[in-house]
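My entries follow in the order of looking.

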Number of protein chains: 2
Amino acid sequence: MPTHDNNLSIPSASRRSFLGLSAAASAAVALRIVTEPMLAEAQRVQPHSFPKDAVRIDANENPLGPCSAARDALTAIIPEGGRYSFNLTNELVASLAEVVELKQEQVRVYPGSSVPLHHAVAAFTSSQRSYVTGDPGYEAGMAAAGTVGARVVKVPLTKNYAHDVRAMLAAAPDAGLFYVCSPNNPTGTLTSHSDIEYLIENKPKDSVVMVDEAYIHFCDAPSAVDLVKAGKDVIVLRTFSKVYGMAGLRCGAAFARPDLLEKLETHAGWNAMPTTALVAAAASLKDTQLVPERKRINTAVRSQVFAWLDRNGYSYIASESNFFMLDTRQPAKAAIAAMAKQNVFIGRIWPSMPTYSRITIGTAVEMEQFQTAWQKVMTGAVTAAVTTTVGEMPNPRRRNLDGIAFPA
Amino acid sequence: MPTHDNNLSIPSASRRSFLGLSAAASAAVALRIVTEPMLAEAQRVQPHSFPKDAVRIDANENPLGPCSAARDALTAIIPEGGRYSFNLTNELVASLAEVVELKQEQVRVYPGSSVPLHHAVAAFTSSQRSYVTGDPGYEAGMAAAGTVGARVVKVPLTKNYAHDVRAMLAAAPDAGLFYVCSPNNPTGTLTSHSDIEYLIENKPKDSVVMVDEAYIHFCDAPSAVDLVKAGKDVIVLRTFSKVYGMAGLRCGAAFARPDLLEKLETHAGWNAMPTTALVAAAASLKDTQLVPERKRINTAVRSQVFAWLDRNGYSYIASESNFFMLDTRQPAKAAIAAMAKQNVFIGRIWPSMPTYSRITIGTAVEMEQFQTAWQKVMTGAVTAAVTTTVGEMPNPRRRNLDGIAFPA
């Protein structure tokens, strides 16, 4: 797979070009533009919604939204909105169990997979038991670990951006929970089934491995569900937010041994699910063409984007998901702001990769708009001046992490 | 207000009549019918949904469902179901803050008010700090306290079914959280604003008073929101599940000082809300006739039911909410099963009032069906034989508490 070059050095001419400044612009101005205060100012603006016709490729949402059957189910449930309808939870659990070939008691549904992720952190980590994750990795569990006072052990990915399971084991003999997202958020890269097995077989006693398969439907990799079936100390997360296009409806699931699921539940009972989420999820599962069709569309659009980036000499990490990390050649914050000014909202930054932005795969039309804007920003045809809108923020003091927000 | 008679003694003839047995029925059969194993068997049946045309007055749901504007908003959001749309959370918080005249930072929304209730228990109670509640009272907080190892102090209500705040203070010098539901679930009775003020002024330092106002729109009592405004150690809960008819959509709110809200949040970040809930809630708030109109309807139907019960000599607790406690004159489980056989599903039992069932106010037509069935059951015209359906249960090992389930 193509890989980025961490040692890429940008000559000052390119830097000026990136920032949209003529060579005559004063150094003082150039410096001001990339300072933290400017970016902080940009982030202080709190938009209530995106501008009209915005290209929203910042949160790994699926532009296709809920499938047709899910939309029909949503319409049908509206008059029943006054009923808790716990039976619908039972029905979705039964359907999911059938699809993944697990027993119903090995399946639990939640209003988004952030819920079981957070509960797992609360259940299995503590000031004595650390939370171990790949770096860069999805941040929600790290934030959760902070709230329970657990040590967060960030282990760099391998050079192929897989989780380095041997290094994770070596770094945390006190591990309570290992978090492996595959395909990984934000790199879109896979960790092999055999490495996940190795991690499980060699982990400290009483620790648990969580495999977040939020994006697995976009790739060809095997699931870790077989390890749940085999009775291992593993929890597999799934969500209806991604391939199923239901991020706003809130439906996720955890697959694990019943005793592990009980431990998650201790921390929050079982809050009633949104019935809208339940019926849309159940209808989506019945549409057997949904996953292969959307996977095909995503792969096709992603291939086109990668081919365009290759042709134009831009570096990125080859992803097997519906997003990828794109080399911004400069602190990514400025690129994000400049793209927003073009009404194209691209994703956030990870501390260990400050010159990369995560780009979600939108529709083919949206990705053409992305390419046009990217070319303008990178060639300096447009400036990176302060914008009035830099994507959605639930609160200036919060970080919005694809479905959950934490204190900034 | 009419009160029940705790010392009511049922002669054996009435008992046979209640159970639908002829005087000739064997004592052995009569005994078997009211034994726990029979009832356990009935409860083991796990229906997937209610029978056709069932009268569902078991979960304090609003039979009117979402209002017309909320239904329109739900229809409109369906195509956007693939977006997290955090801005909608901001907008609902702003609208709610305006309605209750609080600052936005004093308002937070959740997928149902069980969420902040549970988080408050986690934040303010522990093995050293007890959870103090009225008895009978809403059980979700008690179950949550159990999960964190906190002592649960159940203080009997006064003879007028108000919270006995002086007894609550005396019973728990180690209190972490006082829970006051007003109108109280399951009695529908009020605790005065002055008693809530007294509780706050005299509570142990660092403890918090939670006032659950899930049902306040159905009565004329003043809210405790003014105490939030005054900066007291109080958290007020509200929900869109009751008067707004949105139980299945999952939207609740907490009002409190920002520092108290932050403490709740520590335990779960801020999971994205269902956008369906957000738009339906926002639309409902804009319908200024909704609350007065639905309050008027509920009061009218409740008055008719109470008048009928009075005329027919049945005892109940006069409620100021959309439910009331009805004297079953026998262990309530048998009455619930017998009513279910009539396709009328009435509510659950509290341990301190084993001969009462909680009845939700349905539509006028539904309450006529309830009355017809109740007369049949209580006069012995129908039997209390084992039924195949005894309401909705999410899982045989769970207790479904109006929006949240806990291990049984």
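Which residue stands opposite Val236(A) in strand 7 of chain A? I found Val211(A) there.

Before going on I noted the conventions. Residues are numbered from 1 along each chain as its sequence is written, and chains are lettered from A and ligands numbered from 1 in the order in which they are written. The model is predicted, with local features needing pLDDT of at least 70, side-chain atom pairs counting only at pLDDT 80 or more, and totals for chains, interfaces and linings using all residues; side-chain values use heavy atoms, without hydrogens and water.

**Strand 7.** I took helices (H or I, at least four residues) and strands (E, at least two) as DSSP runs, numbered from the N terminus. Strand 7 of chain A covers residues 234-239, and six of its six residues are buried (under 20% relative accessible area, with exposed over 50% and partly exposed in between, 1.4 Å probe, protein chains only). In a regular strand the side chains alternate between the two faces of the sheet. Here I listed Val234(A), Val236(A) and Arg238(A) on one side, and Ile235(A), Leu237(A) and Thr239(A) on the other.

**Its partners.** Strands pair if DSSP finds at least two bridges between them. Strand 6 (residues 208-212) of chain A runs parallel to strand 7 of chain A, joined by four bridges. Val209(A) has Val234(A) as its bridge partner. Strand 8 (residues 252-255) of chain A pairs with strand 7 of chain A in the antiparallel sense, also over four bridges. Ala254(A) in strand 8 of chain A stands opposite Leu237(A).

**The sheet.** I then traced seven strands of chain A in an open sheet of mixed pairing, in the order 2-8-7-6-5-3-4. Strand 2 (107-110) and strand 4 (152-156) of chain A each have a single partner strand, so one side of each lacks a neighbour in the sheet. Neighbouring strands are turned by 20° against each other on average, direction ignored. Helix 5 of chain A packs on the sheet and touches strand 2, strand 7 and strand 8 of chain A, contact meaning heavy atoms within 4.5 Å.

**Helix pair.** How do helix 5 (residues 86-100) and helix 12 (residues 275-286) of chain A pack, and at what angle? I read about 30°, with the axes 9 Å apart (lines fitted to C-alpha atoms, for helices over the stretch in contact; angles from 0 to 180 degrees between N-to-C directions). The two helices are therefore roughly parallel (under 35 degrees; over 145 is roughly antiparallel, 65 to 115 roughly perpendicular, the rest oblique). The contact residues include Leu92(A) of helix 5 and Leu278(A) of helix 12 of chain A.
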